[in-house]
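I opened this model to look up how its chains meet. My notes follow the display.

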Amino acid sequence: MGGGTEPVTDAAPLETALLEGCRQRDRSAFAALFDAYRDRVYSLAVHLGGNERLAADVTQDVFMKLWTRIDQFRREATFSTWLHRIVVNTYLDHRRAEKRFIRPGPDGSAALPAAQARGVWDAEIPARVRAALGALSPKLRAPLVLRYLEELSYQEIADLLGVSPGTVASRLSRGHRQLAALLADLKPALRREV
Amino acid sequence: MLRRHPKADLLAYAEGELSGAAAQSVAEHLVRCPRCRRRLDALRLGVALARRLEPVALPAEQAAAIRSRLVRFASPPRTASVGPRRRISALAGAAAVLVVLLGAAVLVQKLRTSTVDLRRESGPPSALEQRAIAFHLQRLGGTARLDFESGSATELRQWIAAQAGLDAALARGRPAEDAGRYQPVGAKLLEVSGARCVAIAYRIDSQPVTLLTAHAADLTATPARGLLGKRIHYRFDRGRRLKLLTWTSSGQTYSLVSDLPQLGEQSCLICHTDPERRRLIQRLGAAL
């Protein structure tokens, strides 16, 4: 986990105070909410979309929606769940808009770095995995990101994506196999984990 | 031992989340099934790779820019200082326009969609036109500061509606023929003779275009509206080689500045996606 993206410690009281501040239309609370969650939103968006430009647009849109729809958030769900839903839906909106009006093409624009002939630095692996994710179809990519980056359960992923838990499992399996095929050269570097 | 391939359980097994009898059954099947062993190898590598995903932080520079835009987005709209007399005259004007519009609604609507009444202007520019030219020149000189920057027409419309109560009719999606040509840049709140207006900055084929709009009722002088079709007033600023198109529509007055070819009519297409309307606009250049 990177230092700047650690979950907020003792999130509940802070989260409650920030959300209440936003409900009262307090801009400083909104700015603090952005500071607390911006990396998490961006990280999820960049992994879902496979490119930084789209992720920055999604991040901005997500917080605009948070501000305008804050009254729709009820404590029946956790803030995290609500946030995940907004990020995923905003990403899907952007993807649909790009597909419709800009140009057709692969969703993931992150180029795969060339495979290393010998030896891979441990620190390179996350970037290689992220780039390989960009080459997967969005259907396979989203469950992988939600499961392994956001650590959601199959049921939570199913609810977010509007599919059954069985479909989530099936897409995860296919995603893992495609990831393994794309990054087979990393197997020696991961031998202790495989 | 399982007779069928345990496809559904294999991922849980690879993740180490299958236990007891279920794990034992899968293990026994694996001993005799090379196909499932190969599948398990791939899943284990996939799981190990996916577990290496790490959060990515929003770069500080982008974070600061987005933060600043969000704070402005969240700012309450400024209230316009409109005096009672002016409000009454505005209401009276609006009522008069309403009566006229109701009387000829069907005819005007039909004509408005099929004709444009283009007029060349040579008198002094209105306050809105002067402000539009001044802001456009600031953009060309690199000194214009936008209050809100976004490449998204939807975001710009939301921001303008929230901040100025104006409807910027920028098309949310672009037809295929416009792909990559029209690029919204941002917006700035301005005042023209005490009236609130908004400047919308965008680019067409990298050429800057500036569109100012304000409520027609807030302006001291508005361009005459065409009875038979939308009336567009064209002005050419020789000194600066700028083209200016001004019109009033749906209660808002617009001034559009560019140095695009002909009349700069191409800049109108930022709002128009209807093919028939676009063809009509594209013919304007030959009309004068």
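I take axes as lines fitted to C-alpha atoms, for helices over the stretch in contact, with angles running from 0 to 180 degrees between N-to-C directions. Helices are DSSP runs (H or I, at least four residues) numbered from the N terminus. The model is predicted: local features need pLDDT of at least 70, side-chain atom pairs count only at pLDDT 80 or more, and totals for chains, interfaces and linings use all residues. Residues are numbered from 1 along each chain as its sequence is written, and chains are lettered from A and ligands numbered from 1 in the order in which they are written.

Entry one, a helix pair. I find that the axes of α2 (residues 27-49) of chain A and α4 (residues 60-74) of chain B come within 10 Å and cross at roughly 150°. The helices α2(A) and α4(B) are therefore roughly antiparallel (angles over 145 degrees). In their contact (C-beta atoms, placed from the backbone, within 7 Å), I note A:Phe30 and A:Phe34 among the residues of α2(A), and B:Leu70 and B:Val71 among those of α4(B).

Entry two, the chains. I read that 33 residues of chain B are in contact with 47 residues of chain A. On the chain B side, α1 (7-14), α3 (34-50) and α4 each supply at least two residues.

Entry three, α1(B). Which residues of α1(B) are buried (20 or more other C-beta atoms within 10 Å of their own, all placed from the backbone)? I list B:Leu10, B:Leu11, B:Tyr13 and B:Ala14. Seen down the axis of α1(B), they fall within an arc of 160° and so line one face of the helix; the arc is that of the directions from the helix axis to the C-beta atoms. Their cover includes α8 (165-182) of chain A, with α2 (20-32) and α3 of chain B. Just after α1(B), I note a positive phi of about 75° at B:Gly16.

Conventions:
Parallel < 35°, antiparallel > 145°, perpendicular 65-115°, else oblique. Contact = placed C-beta atoms within 7 Å. Buried ≥ 20, exposed ≤ 12 C-beta atoms within 10 Å, placed from the backbone.
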